[in-house]
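Here are my notes for your read-through. Please keep the structure open while you go through the points.

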Number of protein chains: 2
Amino acid sequence: MSRRQAKPDASETKDAFRPLAVIAGNGSLPLAVAEAAARTGRQVHMIGIRGETDPAMEHFPHAWVKWGEVGKLFATLEDRGCRDLVIIGGVRRPDLAKIRFDSGVIRNLPRLLRLGLGGDDTLLSTVVRFFEEKGYRVHGAGEVAPELLACEGSLGTEAPSPESLADIERGFAVVEALGRFDIGQAAVVAGGRVLAVEASEGTDAMLARCAVLRREQRSGVRSGVLVKAPKPGQEQRVDQPTIGPDTVRHCVEARLAGIAVAAGLVLVANRSETVAAADEQGLFLYGVRLHQSSA
Amino acid sequence: MSRRQAKPDASETKDAFRPLAVIAGNGSLPLAVAEAAARTGRQVHMIGIRGETDPAMEHFPHAWVKWGEVGKLFATLEDRGCRDLVIIGGVRRPDLAKIRFDSGVIRNLPRLLRLGLGGDDTLLSTVVRFFEEKGYRVHGAGEVAPELLACEGSLGTEAPSPESLADIERGFAVVEALGRFDIGQAAVVAGGRVLAVEASEGTDAMLARCAVLRREQRSGVRSGVLVKAPKPGQEQRVDQPTIGPDTVRHCVEARLAGIAVAAGLVLVANRSETVAAADEQGLFLYGVRLHQSSA
């Protein structure tokens, strides 16, 4: 593709006029990113992973690849003239024994072998470098669709109490302390007590066990907060922490008072639905500028 | 009681000849501590909490108290001439609404009200201070029954591989980083990746979710390690981390290669049974001097 396109609006960067490939994992976020990017007038191509991506992506120009079809992936990007990528949505760890590798894998084998080592963060950073060294530009979802990022302050009608603000501060400190171990984007704190810390189980699983703990402790009053932030040094372009309507539902089940996220760094999937669910349940959704809260 | 007893053996401290009250929570450890202390020739009185303590304690001189019977507890200690205490075994958080408080509670109300605040650590430290300010000496289980503490190196026949030693080092670093938040005595690390971190759910619950994660990840080869250590600054006299046969069983279910504990700081309940179970399953049990490993 050509980078010498006309610039109809000086306030737009050149990026906004290049076709964008969205390499899409599971969940609703890939489609939300594609739709938000398309609303800015950008040409969007979806690349779905069989068994992961919502088939609803097919209303965009699209292609399907399977795990192991690395050659096909690059051929598709070439074919569509896409040098700009967003990699978004979750993936299950594939069963390596069942993958059929194409010739693109053989060519990239030394680099791909390194992908399996280290924590998630290392793996994702390696994926980004892999594309970058081949001349692709990898963008964060928030870059191409900033409307999806949590803003500062209350997102809905509820605001945190002073007690919740203290829990929020402690929660961000926990997440920060764990960052150097390449784990944890989330923790639950209630009344100053750290109820749970997320490692590799995911936020939903962590909230589910909080719900069990709160039932056992017979917690009547709703209190405590889910804190969610990127790990320090996290490859945010491909692994941005996200909340959505399910997060709200799980926080209600854990009898929490609200959710606090790092403003500008956490994606809100289905924002209108998420905020409506929180408002209906009396939960606060609160964005915090991290350099202020966890310093 | 008199502190001027005869000293039949110069290598013994005076402590060893004072009667010892074991305030016993649930599990097998209170009885193990009582038996180990009794084997040193010490007079042991058990104080059980209804609904918590194993009734097998009744083969020692004993008394039962209920939650809220603070006055009865002190009357019993007075009656038996016990100024030396061990507080050992788990307790469920009692349902405050169902407790019937005796006059001992009323007298101690201002202090007791503070017990509910802060993390577990704060609560237990307050319990210790509460007894100490009344002139009691609170001992750690390891002090009166050192045979129950994990020693350095391999406890059974298996030894950790170099890969496991790397996981062990990372695990101790995680636990250390979390110590300042008054949470977590344990973490699970496999292949350098932190699978799980314990907050308030307990080690067994953490291992149960690791078992689920490992099944989902189709982990064939047994790898990874449970690391267990005291929190920095933890009130170790009343909240000493413990492993036992159940820990081994849960680690097998999580397909871990072994268990590493802080030598001299972690109790091994039912040691012979624990070591036999680990040997039978090919799991290592490994004690690490913390000033060496996590510095």
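Where is N270(A) found? The answer is in point 2.

1. **Ground rules.** This is a predicted model, in which local features need pLDDT of at least 70, side-chain atom pairs count only at pLDDT 80 or more, and totals for chains, interfaces and linings use all residues. Residues are numbered from 1 along each chain as its sequence is written, chains are lettered from A and ligands numbered from 1 in the order in which they are written, and side-chain values use heavy atoms, with hydrogens and water left out.

2. **N270(A).** N270(A) is found in the loop between β12 (267-268) and α10 (271-281) of chain A. Helices (H or I, at least four residues) and strands (E, at least two) are DSSP runs, numbered from the N terminus. The phi of N270(A) is positive, near 45°, and the residue is not a glycine. Most residues other than glycine have a negative phi. N270(A) is partly exposed, at 32% relative accessibility. Buried means under 20% relative accessible area, exposed over 50%, and partly exposed in between (1.4 Å probe, protein chains only).

3. **R255(B).** Here is another positive phi in a residue that is not a glycine: about 55° at R255(B). R255(B) sits in the loop between α9 and β11 (258-262) of chain B. Its relative accessible area is 31%, so R255(B) is partly exposed.

4. **Chain A overall.** Chain A has eleven helices and 13 strands. Of its 295 residues, 54% count as buried. Take the contacts (heavy atoms within 4.5 Å). Among those in chain A between residues at least 6 apart in sequence, 73% join residues at least 24 apart.

5. **T274(A).** T274(A) lies in helix α10 of chain A. T274(A) is buried, with a relative accessible area of 0%. Leaving aside neighbours within four places in sequence, T274(A) is in contact with G244(A), P245(A), V248(A), V268(A), A269(A) and L285(A).

6. **A38(A).** Helix α1 (residues 29-39) of chain A holds A38(A). A38(A) is partly exposed, at 30% relative accessible area. Not counting residues up to four places away in sequence, A38(A) touches V44(A) and F60(A). The C-alpha atoms of A38(A) and R255(A) are separated by 38 Å.

7. **Helix α1 of chain B.** Eight of the eleven residues of α1(B) (residues 29-39) are buried, so the helix is largely enclosed by the rest of the structure. Among the buried ones are L29(B), P30(B), L31(B) and V33(B). The cover over the buried residues includes β1 (20-24), β2 (44-49), β4 (84-88) and α6 (141-144) of chain B. G41(B) follows α1(B), with a positive phi near 95°.

8. **α9 against α10 in chain B.** Helices α9(B) (residues 245-253) and α10(B) (residues 271-281) pack at an angle of about 20°, with their axes 8 Å apart. Axes are lines fitted to C-alpha atoms, for helices over the stretch in contact, and angles run from 0 to 180 degrees between N-to-C directions. The two helices are therefore roughly parallel; angles under 35 degrees count as roughly parallel, over 145 as roughly antiparallel, 65 to 115 as roughly perpendicular and the rest as oblique. P245(B), V248(B) and V252(B) in α9(B) meet E273(B), T274(B), A277(B), A278(B) and Q281(B) in α10(B).
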